[in-house]
Amino acid sequence: MNIARTTIRMAAAAALLLSVPARGQEFRPAAAFIQVNDVYRIDAVENGRVGGLGRVVTLAERARRGTGVPVRVLHAGDFLAPSLESRYFAGQQMVDALNFLHARAPIIVVPGNHEFDERRPAMLRDAINASRFPWLAGNIRLNTGDAAADRRLGSDTVIESGGMRIGIFTVTFLDAPREYALPDTMYVAAVERQIRELEGRNVDAIVGLTHLDLALDQRIAGLRRSHPKLVWIAGGHEHFLIHHPLTDSTAAITKGDSNARRVWQVVLGRRGTVPALRADSIPLDASVPVDPAYQRDVVARWAGRIREKVPFFDQVIGRSTTRMDATEETVRNTESAWGNWLADVMRTAYPDVPADVAVLNGGAIRIDDVIEGEIRWEHLARTFGFPTRVGLVWLRGRDLRETLLERSVSGGRGEGRFLQVSGLRFTFDRSRPAGQRVSEVQVQRGAAWEALDDARVYVVAVPDYLMGGGDAYTFHNRAVMSVPPGPDLRLMAFDALAAAFSRGEAISPRVEGRITERGANGAARP
């Protein structure tokens, strides 16, 4: 079979013909899907200009008219938490939003790792019970104490549309053990069992709805060698747009941006007798209006409820003279002005022991937005999806570089382990082997900079998540000494902003060359 990939440029979308099995044969659509993943807010971001489920509602209506086939939404996980609203409503606002969308275009969801954030089952159990859409996770068995909710978590499904039978399998993972959720962590084997079951039900094409890291999705995509009906994996967990094409030996993989900044519209059909896909990556910007009924019945209603809970929600607590990009694309990949300022604040956590250096994992910065001008309490609250307490460790320079900076850049793009920093600057090169990517590390001494001294001991401010081994950081094993986490970074940031605001001052953080990435061609880019 001859597989090719064609890129078609369009004004609002990048269209990809993911399978062209036979030349001259017309593509016959059978079903359309809108794929979203990692959507934590019911409203749009960037002051309402970008993303949001209200625009997904509009896109689903447009897709129905444009494709002429039934439209469904596949949600590849992470929506109940973490978010500001979920602290008060346990994710019920997201269920309400997805119920609204489900009434316009049927939804299937796979839970992501954050659906299992709570140690007790109430949040997940109550969300399942309140949902009018199906939940599927083929490698999870629930034991929430509510048999009805447990039964509602299915495994796979078969959709009949346009003369095709389309089988959908599902798989996800947990960050930490939960007594109420028992996962099969042999992910590829669990998926292959589901695929065999779907093949036994005489499906024409097989789609995976997954919430796994890309490396696992790629292994699953490779099952196409033995199971040629596997054509597409609609994935989550990464927070930025990803596309891997369909080939003879691998299924296509797509993932969208967090908070629906860019989503995928995928049409599944046939060319001749062979399954084929056509996919559009669509930016949900001002060209796609928010559905007015969604804005009224979902966004406005929950906006009122959060302000009843938090009367100071809109209170101005500070100002910035600079534009601070705190989108996940930025804080998980490169230096961020907001990340710089937060890391600077961390160094003051213990006034009697000022830190030489501070690091903050990009995954701790959850706002996924741009802050400019007035800084409201909402901005600060949305920044921290979890309590973030600051501790101190004393590390030799060599260990600081090897266990912190190298770990920060050891993975691919978009990972939460990526560090925002204060008191140091460095260069890294992803084209080099992991563990050998960091160079030119310098530490700030007053207004001057000096090379990192491998033997010198530095005081480093770190968040409690990393101190406890989160994101597989192991620096605590090499610490000369440490101070357990204490001050909460959100409260520290509030105090710093409010103090400046009371003096009539604004903050002015900038991207200033603390982190420089060197590309494969040797060119440096901040």
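User: Start with α3. What covers its buried residues?
Analyst: This is a predicted model. The elements that cover the buried residues of α3 include α1 (53–67), β4 (71–75), α2 (84–89), β5 (107–109), α4 (122–130) and α8 (292–309).

User: And which residues of α3 are the buried ones?
Analyst: Gln93, Met94, Val95, Asp96, Ala97, Leu98, Asn99, Phe100 and Leu101.

User: How far apart are the end C-alpha atoms of α3, and what span should it have?
Analyst: The end C-alpha atoms are 19 Å apart. Helix α3 has 13 residues (92–104), and at 1.5 Å a residue they should span 18 Å, so the two values agree.

User: Now α7. Which of its residues are buried?
Analyst: In helix α7 (residues 214–221), the buried residues are Leu214, Leu216, Asp217, Ile220 and Ala221. They cover an arc of only 160 degrees around the axis, which puts them on the same side of α7.

User: What do the buried residues of α7 pack against?
Analyst: They pack against β10 (164–171), α6 (187–199), β12 (205–211), β13 (230–236), β14 (242–244) and β15.

User: Several strands there. What is the strand order in the open sheet of six?
Analyst: The order is β9-β10-β12-β13-β15-β14, and the pairing is mixed. β9 (157–161) and β14 are the edge strands, each pairing on one side only. On average, neighbouring strands of this sheet are turned by 20 degrees against each other, direction ignored.

User: In which sense do β14 and β15 pair?
Analyst: Antiparallel, over three bridges. For example, Ile242 has Lys255 in β15 as its bridge partner. On the helix side, α6 packs on the sheet and touches β9, β10, β12 and β13. The direction of α6 makes about 160 degrees with that of β10.

User: Switching to β3. How many of its residues are buried?
Analyst: Eight of its ten residues are buried, so β3 is mostly covered.

User: Which strands does β3 pair with, and in what sense?
Analyst: β3 runs antiparallel to β16, with eight bridges joining them. Ala32 has Val267 in β16 as its bridge partner. With β4 the pairing is parallel, over five bridges. There, Val36 has His75 in β4 as its bridge partner.

User: What about the nonpolar core? Which residues touch the most other members?
Analyst: Trp135, Trp232 and Trp338, in the largest core, which has 119 residues. Leaving aside neighbours within four places in sequence, Trp232 is in contact with residues including Phe33, Leu74, Ile206, Val207, Val266 and Leu277. Apart from that core lies another, of 26 residues, among them Val359, Leu395, Leu400 and Leu404.

User: What is the phi of Glu46?
Analyst: About 55 degrees, which is positive although Glu46 is not a glycine. Glu46 is found in the loop between β3 (27–36) and α1.

User: Is Glu46 buried or exposed?
Analyst: Buried, because its relative accessible area is 14% and the cut-off is under 20%.

Definitions and conventions. Residues numbered from 1 in each chain as written. Predicted model: local features only at pLDDT ≥ 70, side-chain atom pairs only at ≥ 80, totals over all residues. Heavy atoms only, no water. Helix = DSSP H or I, 4+ residues; strand = E, 2+ residues; numbered from the N terminus. Expected span 1.5 Å × (residues − 1). Buried < 20%, exposed > 50% of the residue type's maximum accessible area, 1.4 Å probe, protein only. Contact = heavy atoms within 4.5 Å. Arc of directions from axis to C-beta. Core = buried A, V, L, I, M, F, W, Y, C linked by side-chain atoms within 4.5 Å. Pairing = 2+ DSSP bridges. Axes fitted to C-alpha atoms, helices over the stretch in contact; angles between N-to-C directions.
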